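Here is a short note to read beside the model. Keep the sequence open as you go through the points.

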Amino acid sequence: MVLGVILTHAKKHPALIPLFVIIGAGGVGAGLYLMRLAMFNPDVSWDKKNNPEPWNKMSPSDQYKLYSVNMDYSRLKKDRPDF
């Protein structure tokens, strides 16, 4: 239904096609980033029975940020106690 309206609008006004593409790509990118945060962020715990505190099992060399400027995680030492 919505796709038909967009295609009909795009046929009548072809100058709007880049706008539809950019808005669509932004929505897909935001959805993928949200899915990445939900799946791989140590602050989120989906399995509370087997691993209730996943942030305690992370080693200092694990990189969980999307982008890190001038940071080499492989050289970090453990600075926290084991629980």
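1. Start with the record. An unreviewed UniProt entry annotates residues 15–35 as "transmembrane region". UniProt positions follow the numbering used here, feature names are shortened, and annotations may be inferred rather than shown by experiment.

2. This is a predicted model: local features need pLDDT of at least 70, side-chain atom pairs count only at pLDDT 80 or more, and totals for chains, interfaces and linings use all residues. Residues are numbered from 1 along each chain as its sequence is written, and side-chain values use heavy atoms, without hydrogens and water.

3. Over residues 15–35 the chain is 90% helix and 0% strand. The end C-alpha atoms of this stretch lie 32 Å apart. The protein chain as a whole has two helices and zero strands. Helices (H or I, at least four residues) and strands (E, at least two) are DSSP runs, numbered from the N terminus.

4. How much of the protein chain is buried? Buried residues make up 7% of its 83 residues. Buried means under 20% relative accessible area, exposed over 50%, and partly exposed in between (1.4 Å probe, protein chains only).

5. Look at contacts (heavy atoms within 4.5 Å). Among those between residues at least 6 apart in sequence, 15% join residues at least 24 apart.

6. Leu16 sits in the loop between α1 (2–12) and α2. Why is Leu16 called partly exposed? Because its relative accessibility is 28%. Leu16 and Ile6 are 10 residues apart in sequence, and their C-alpha atoms are 9.7 Å apart in space.

7. Phe40 belongs to helix α2 (residues 17–40). Phe40 counts as exposed because its relative accessible area is 62%.
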